[in-house]
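Student: I'd like to learn how to read a model like this one, feature by feature. Please give me the general idea each time, then the case at hand.

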Amino acid sequence: MMSGKYTTIDSQKVSGSVPAVPDSGHFTVKLSESNLQPYPPSDARGKISSGSQPPRDADVTFSKSRLGSDEPPQGGWFQMFSIASYKPYFDVDTSDVVERIKDSLFPLRGTFNEKTASNPDLYGPFWICTTLIFVAASIGTFVTYIAHKLKNKEWNYDINLVTWSAGLFYGYIIIVPLGLYVILKYFSVPSGLAQLLCLYGYSLFVFIPALCLSVVPLEIFRWVVAGVAGFMSATFVALNLRAHIKSAGERWFFIVAAIFLLQLALGVALKLSLFTVAV
């Protein structure tokens with residue numbers, strides 16, 4: 001038929017002009033690699049970065065040196081109101097604190113100032129004073145309780161022991177080093193306030209075991225304990241400051257003697273205020 005013939009001719013024409021494409025079952029697509037980039041990009045910024053490195057804008061406060069700070073340095077008295085200025089004085093670990101406590105229990109060495117000259121801390125003194133407050137209040141309360149019970153007397157808790165102990169220890173560790181700092185500056189003696197606070201703070205540690213031993217209900221024993229603790233604490237402070245105060249001239253002996261007697265008086269004050277029980 002004409003239509004079939006035309007179709008056959010047309011098919012032949014098409015077959016002759018367009019070669020047959022073999023069916024391989026798949027095809028390949030080539031894409032240009034010029035626009036492909038690895039993820040994440042190598043020059044990434046912000047909180048996501050390549051590799052295992054920490055983010056570039058992460059808080060690296062604790063990875064800096066002791067003297068490092070995230071804030072611009074401030075001058076003059078404004079440093080007192082900056083938290084960053086106090087961070088180096090709390091950058092100690094347990095081994096440092098334990099070693100300094102051991103030095104305070106061997107006062108005749110007189111090497112505490114040399115060991116802590118480069119890194120005096122306020123962490124140890126703070127916790128020593130805080131521990132002393134609660135130990136003094138609790139032991140003093142226990143002593144008065146036992147004394148009243150032994151004589152079948154009525155006993156009432158005295159809250160003033162806590163407030164009095166806090167005022168005594170915190171006041172002593174701040175006022176005495178500050179006053180000594182002013183005196184040494186007057187005599188042109190090289191000294192640092194942080195170093196004096198550190199020295200006086202650790203000098204109070206010996207009173208913690210002394211207060212615990214004062215539970216024994218013997219008046220003479222309590223006096224001996226208070227005297228020994230006061231003598232050890234006073235010797236520790238005086239010997240560590242003697243080498244520095246000698247540069248004050250001929251008056252150095254009187255300054256060291258005053259420091260020794262003031263520290264010894266602290267032990268007497270503890271005995272009279274906390275362990276003199278009147279029933």
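Student: Where do Glu 219 and Arg 222 lie, and how many residues apart are they?

Tutor: Both sit in helix H8, three residues apart, which is about one turn of the helix. Helices here are DSSP runs of H or I with at least four residues, strands are runs of E with at least two, and the numbering starts at the N terminus. Before we go on, note that this is a predicted model, in which local features need pLDDT of at least 70 and side-chain atom pairs count only at pLDDT 80 or more, while totals for chains, interfaces and linings use all residues. Residues are numbered from 1 along each chain as its sequence is written, and side-chain values use heavy atoms, with hydrogens and water left out.

Student: What do the side chains of Glu 219 and Arg 222 do?

Tutor: Side chains of opposite charge can pair when their charged atoms come close. The criterion for a salt bridge is a side-chain nitrogen of Lys or Arg within 4 Å of a carboxyl oxygen of Asp or Glu. Glu 219 and Arg 222 meet in one at 4.0 Å, N to O. Glu 219 also meets Lys 271 in a salt bridge, at 2.6 Å. That pair links distant parts of the chain, with Glu 219 in H8 and Lys 271 in helix H9, 52 residues apart.

Student: How many salt bridges does the structure hold?

Tutor: It holds five. Another is formed by Arg 109 and Asp 103, at 3.2 Å, N to O. Arg 109 is partly exposed, at 47%, whereas Asp 103 is buried, at 3%. Asp 103, Arg 109 and Lys 115 are linked in a network of salt bridges.

Student: How should I read the overall fold?

Tutor: Start with the secondary structure, which comes to nine helices and zero strands. Of the 279 residues, 32% are buried. A contact means heavy atoms within 4.5 Å. Among contacts with a separation of 6 or more, 72% are between residues 24 or more positions apart.

Student: Which residues touch the most other members of the largest nonpolar core?

Tutor: A nonpolar core is a set of buried Ala, Val, Leu, Ile, Met, Phe, Trp, Tyr and Cys residues joined through side-chain atoms within 4.5 Å. In the largest one, with 43 residues, they are Leu 132, Phe 169, Leu 180, Leu 204, Phe 207, Leu 241 and Ile 259. Helices H2, H4, H5, H6, H7, H8 and H9 each give two or more residues, and H4 supplies the largest share, eight. Take Ile 259: setting aside neighbours within four places in sequence, it contacts Leu 180, Tyr 200, Val 237, Leu 241 and Ile 245.

Student: What makes up the nonpolar surface patch?

Tutor: Patches are made of residues with over 30% relative accessible area and no salt bridge; like charges are joined within 9 Å, and nonpolar side chains (Val, Leu, Ile, Met, Phe, Trp, Tyr) within 5 Å. Areas come from the Shrake-Rupley method with a 1.4 Å probe, and for residues only the protein chains shown count as cover. This patch covers about 870 Å², and its members include Leu 213, Leu 218, Phe 221, Trp 223 and Val 268. H8 and H9 are the elements giving two or more residues, with the largest share, five, from H8. Leu 218 lies in the loop between H7 and H8, and is partly exposed at 48%.

Student: Where does UniProt place the feature "transmembrane region"?

Tutor: The unreviewed UniProt entry places it at residues 122-147, 167-184, 196-217, 223-241 and 253-278. Such positions are given in the numbering used here with shortened feature names, and annotations may be inferred rather than shown by experiment. In the model, residues 122-147 are 96% helix, with end C-alpha atoms 37 Å apart. Residues 223-241 are 100% helix, with 27 Å between the end C-alpha atoms.

Definitions and conventions: Buried means under 20% relative accessible area, exposed over 50%, partly exposed in between (1.4 Å probe, protein chains only).
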